[in-house]
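Subject: Structure for you to look at

Dear colleague,

I am passing on the structure below, together with some notes on what turned up when I went through it. Please read the notes with the model open beside them.

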Amino acid sequence: MRAVRIFNPIHVNRVLGSSSTFCISFLIAQSVCAGQLVGGSQTIGSGSNVEQWVLSQAATLNVNGAQTLDITATESTLNATGATTQQISATNGSSVNLVNTTVSGGNARTALEVINSNATISGNSNISGNRLGLQVGHEVTTNTGSNVTVTDSNITGVTGGARVTAFSNLGLSNAKIDGTGAGSAGLSLISGTANATNGTRITGGQNGATLGLEGAGLPASQLSLDRSSIEGKNGSAIVVDYAGTSAAASTINVLNGSTLTGSNGTILEVKGGANAVLNVANSDLAGNVQASGNSVAGVNFDQASLVGNVTADTGSTATVSLQRSSHLTGVMSNVATATIDATSSWTMTGKSQVGDLVVNGGQVKFGVDNTFYQLNVTNLSGNGLFLMRTDFTTGQTDFLNVAGTATGAHELLIASSGNELPSGQPVQVVHTAAGDATFRLANAGGAVDLGAFSYGLKSDGTGRDWFLDPTTRTASPSTRVVTALFNTAPTVWYGELTSLRSRMGELRFNPDKSGAWIRAYGNKYNVSDAFGDGYRQTQQGFSLGADVPLQLGDGQWLLGVMGGHSTSDLDLSRGTSGTIKSDYVGTYLTWMDEVSGYYVDGVLKLNRFRNDAKVGMSDGTQSKGDYNNIGVGGSMEFGRHLKLENGYFVEPFTQVSAVTIKGKDYKLDSGLQAEGDRTRSLLGKVGVTAGRDMQLSNGTELQPYMRAALTHEFSKNNEIKVNNNVFNNDLSGSRAELGAGIAVNLSERWQAHAELEYMNGKNIEMPLGGTVGIQFKW
């Protein structure tokens, strides 16, 4: 073995070599300081002296728990476990393996320098220096470079954490790389490559990471983050600067939940004529991307998002690609090309400019809340959905301006507002200079809800300019639900009244006894209003009451009180609905003459209505509003019960009912104002009931019957103002009614009743109505 180590003569007993005497003579003759290991292998432990080492000619030094001064290795191997050293330099094919080792570089150029060599740092090792923490590079005359891996360890430097030059690679796994100085970067790639994984954190006192060129003709830098982060504490997260040198693009991959943070709000800054491509996948970023100084920045998102702006100054180029459910929220300023696929979207937060906008089924949203922006595009292609807003009170609107050629079939989803469109004034939302692009409204029903009316979209005839068209307006869903609620109250009132009128058969079983009763009822209505597709109303409720006979005059008098509750649901389609909850009390007085068959039945009823409106706007949003009001009404029916042979009977009758519902002013949360006058109804009815009284062998009495009637609504003028526009929902007209039921006298005390009804007439149909109830006499 050829091994020579030079050190102070007092260490004679530790000479290595086949001849200790040779070594002593050599040492005395040369009189040089200790620390050189030429070839061979040496192991030092915790009891060894602290010395400087110089390794060469395939030497191997094993440092196990020992302390050393500087170590320089050329074509050699350094293995350190649990050691403490000063600066380490490895060159010319050397190998460095550090486990749980502390390297303090002091004022040396680099705490750990790896040139044309390999190094592995692991086991909670700590590398630090007053200048650069780690240098991974190559000799300027070679193109082989170095490879370093850092696992579960820390690298710290004042002027920079780590630097990687051409042909070299730095691998980081759960590592922490820090540049602590005011102008430092955590990681500097100078035509180098770095891969950070498994929770690695890279932090710079100024910028988190910088990418540049070592020289002309050398490769661009490559940086990849996987579940890792980069932070610039007083600058940008990543800066790419070629200093005016032309080269291929530097590639930056941000993958699987990785993050970029810049204290100045910039995550990528490309300058000095640089060319950079940022690929983001499965990660959500916040911050700006800037290209300046004749640079090029390409930003590609794959199942990822960015909240920030993409900006290129004059002379620079920026491109954006949003793919596979990617989303960008921010401004695109002077972006050359933006591509959005069918699953992705862009939400503007300010006025934007894009050269070629390619929207392949994706979405572009013009701002949020009550902000309005203009998107200037040179060329538009694809088939996109543009979400826009218009406020006609202030005259503000989002606007799509295509200065060049527009092609494809596009849709506009224009947000609804409770404000009105100025009469006769179309509102332009799109301009194209050339091309055959078409635009249509994506709003439900192909119309935009703006206050009391809904408006369609039209072209100016040239296909260049597109406007909201005031000439084809129709009543908006907001108007329809408002008018429906005002005009449904009488229908609710009459539906509740039916349950009381249908008890007449039961009264005749035991007219001289007091009793209590309860009814459950349900009705369905189809109503055709004057300015829409109408609505469907479903009513359910119950009534209960008690009455007592009064012995006055010749006939039988019956005085009663009643109360109840009903809920009516209105369905106006497309997500628009209303609900009326009604609570009521009342009294009734009935006179029946057993001999002549004449009867008079009077009812007085007071209601409290709780009204709730939910409007499904054409842009997919919802507006709500509610109010309470009261109503009072009465009914008077006169008829005669005529008995025929074999228990048959007929009962012609006439009835007049009237109700007044208090008007109310209220507001939907979309801003729509509704002013309702009193709603009045005057209903006249003539009809006949025919049936038969039968008695079963067990003593039970049955009274099956059928009824037919003709009804006419006389009230015509029920005006409602919606945003000062007057609407008259006229439901006057005649109706035909058919009904069938049965009254049963179960015993001296118990009676029961059931009835089904059908009604049809002008503007209203009741395809089904039903009542069922019981009565107890005491």
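This is a predicted model: local features need pLDDT of at least 70, side-chain atom pairs count only at pLDDT 80 or more; totals for chains, interfaces and linings use all residues.

Residues are numbered from 1 along each chain as its sequence is written, and side-chain values use heavy atoms, with hydrogens and water left out.

Leu170 also belongs to the largest nonpolar core, which has 152 residues, and Leu170, Leu223, Ile238, Leu375 and Phe386 are the ones that touch the most other members. Helix H2 (residues 477-501) gives the most to this core, with 11 residues. A nonpolar core here is a set of buried Ala, Val, Leu, Ile, Met, Phe, Trp, Tyr and Cys residues joined through side-chain atoms within 4.5 Å; buried means under 20% relative accessible area, exposed over 50%, and partly exposed in between, with a 1.4 Å probe and protein chains only. Helices (H or I, at least four residues) and strands (E, at least two) are DSSP runs numbered from the N terminus.

Asparagine 401, in strand E44 (residues 399-405), counts as buried because its relative accessibility is 18%, and, leaving aside neighbours within four places in sequence, asparagine 401 is in contact with Gln374, Leu375, Asn376, Val377 and His431. Serine 56, in strand E3 (residues 53-56), counts as buried at 17% relative accessibility; serine 56 touches Leu37, Val38, Gly39, Thr74 and Ser76, again not counting residues up to four places away. The C-alpha atoms of serine 56 and glutamate 75 are separated by 5.8 Å, although the two residues are 19 residues apart along the chain.

E59 is joined to strand E60 (residues 673-676) by 4 bridges, and within E60 glycine 676 is the bridge partner of lysine 664.

Turning to charged pairs, the count comes to 14 salt bridges, a salt bridge being a side-chain nitrogen of Lys or Arg within 4 Å of a carboxyl oxygen of Asp or Glu. Aspartate 302 and arginine 324 meet in one of them, at 2.8 Å from N to O, and this pair links distant parts of the chain, with aspartate 302 in strand E33 (residues 296-302) and arginine 324 in the loop between strand E36 (317-323) and strand E37 (327-329), 22 residues apart. Aspartate 302 is partly exposed at 27%, as is arginine 324 at 45%.

Aspartate 469 forms another salt bridge, with lysine 458, the closest N and O atoms being 3.8 Å apart. Aspartate 469 lies in strand E50 (residues 465-475) and lysine 458 in strand E49 (residues 453-459), so this pair ties together parts that are 11 residues apart in sequence. Aspartate 469 is buried at 7%, whereas lysine 458 is partly exposed at 32%.

Best regards

Definitions and conventions:
Two strands pair if DSSP finds at least two bridges between them. Contact means heavy atoms within 4.5 Å.
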